[in-house]
Amino acid sequence: MSLSDFQNEIYLAGLGGARPGLPTDLHRLEEAARQGLPEQAFGYVAGAAGSESTARANLAVFDQWKIVPRMLRDVGSRDLGTTVLGTAMPAPVVLGPVGVLRILHPEGELAVARAAAALGVTMTLSTASSTAMEEVAAEAGPRWYQLYWPKDRELAASLIGRAADSGFTALVVTLDTFTLAWRPRDLDQAYLPFLQGIGVQNYFSDPVFQKAIGGPVTDANRDLALLHWVANFGNPTLTWDDLAWLREQWDGPIVLKGIQHPEDARRAVDAGMDGIVVSNHGGRQVNGAIAALDALPAIASAVGGETTVLFDSGIRSGADILKALALGAQAVMIGRPYAYALGLGGEEGVRHVLRCLMADLDLTMALSGHSTLADITPALLSR
Ligand SMILES: Cc1cc2nc3c(=O)[nH]c(=O)nc-3n(C[C@H](O)[C@H](O)[C@H](O)COP(=O)(O)O)c2cc1C
Ligand SMILES: O=C(O)C(=O)c1ccccc1
């Protein structure tokens, strides 16, 4: 199926009288999710750090940039395809890592893997997934693995080795979340998915983790296992020097997620990394932090052209994607929209979100005079 068929299919379904089960404006998915999902799970996904002002700014900042459409440029045949970190993509859209997906749907990461595979879209599996990576890999198409770098190096090496053995082709190392931030929605609800054993599956299935707690996780040692997980989840003492060790562990591309300062982007390149994700974790970590899109231009001018620059935090539409690409990203990741859609519509819901985004991007590019990603430059934007 070509990309221009994505919107046709949706339109034709509408003309036939069958409304899409979920909103086609992804901003409105959040409202649908508020009404349709259990309160605590919805709050976990929708929530962010502190007063959530950075999460709001991530969305609002897109309105400060305007697309200036160009006419009469023969956009009759479009190609949104690209290759990022060696992975071929139908469009510059990747499912970002979102942990604990079984709080939203019983099939969790498996449903996401099937939806992404059906469309040839790359999925990034979280270390905090609620399904072990080997099970997800068996159902997934193109796939990257997101590492939460644990304290214990032996455990880190084991997770990385399993990811390589399971066919994950790039390592996305998240730096901004060695611990969860001050998140009032979850604190007020006393809600943590892990206390229900959701999000620890990659750890509990790991031989190094099991060795450390004296054997497989059972009802008898579950509390011990959870304490060991908490103690090992993240390492606040890591520095740039530690990246040399990581580089030795993984042969494929490594990208650092959570970069917000141009000097950090520079250090990533100097440390031999293959890319960065400009991201503030959807505003879930440092409230008051710079809106992610505001961080992008300076980072792109510091390292763009030398490394792969990915972007996330606030992408909700084709226009948002076009703006992020124009400001220097090679591709974007999405988070909350597909999590909401999973909760509301399972595998089909995730497919809906991907088709909407790709169709909207295709149309927005065409109508603003762009046929390929190579045509996208900062010149198409006005502040
Ligand atoms: C419920 C939830 C869980 C997340 N879990 C992870 C995770 O396990 N690893 C990670 O690197 N990022 C995680 N993120 C952050 C996303 O990868 C992404 O940076 C963020 O959601 C992007 O912003 P957006 O939601 O506005 O698209 C999570 C985000 C949400 C909403
Ligand atoms: O909630 C998050 O943002 C997140 O990144 C995370 C971290 C650990 C486990 C699950 C999700």
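Which residues have the most contacts inside the largest nonpolar core? Before I answer, please note that this is a predicted model. The residues in question are Val93, Val112, Leu296 and Val332, and the core itself has 113 residues. Helix α16 supplies the largest share of this core, namely 15 residues.

I turn next to the sheet. Strands pair through backbone hydrogen bonds, in either a parallel or an antiparallel manner. Here, eight strands form a closed barrel with parallel pairing, in the order β4-β5-β6-β7-β8-β9-β10-β11. On average, neighbouring strands of this sheet are turned by 30° against each other, direction ignored. As an example of the pairing, consider β5, residues 122–125, and β6, residues 143–147: these strands run parallel and are joined by three bridges. Leu125 has Tyr145, in β6, as its bridge partner.

Let me now return to helix α16. The helix spans residues 336–367 and lies across β4 (93–95) and β11 (331–334), running at about 170° to β4.

Finally, I come to ligand 2. What residues are found around ligand 2? They are Gly99, Val100, Ala128, Thr177, Leu180, Gly199, His281 and Arg284. Sorted by class, this shell has four polar, three nonpolar and one charged residues.

Notes. Residues numbered from 1 in each chain as written. Chains lettered and ligands numbered in written order. Predicted model: local features only at pLDDT ≥ 70, side-chain atom pairs only at ≥ 80, totals over all residues. Pairing = 2+ DSSP bridges. Helix = DSSP H or I, 4+ residues; strand = E, 2+ residues; numbered from the N terminus. Axes fitted to C-alpha atoms, helices over the stretch in contact; angles between N-to-C directions. Contact = placed C-beta atoms within 7 Å. Core = buried A, V, L, I, M, F, W, Y, C linked by C-beta atoms within 7 Å. Buried ≥ 20, exposed ≤ 12 C-beta atoms within 10 Å, placed from the backbone. Near = placed C-beta within 6 Å. Nonpolar A, V, L, I, M, F, W, Y, C, P; charged D, E, K, R; others polar.
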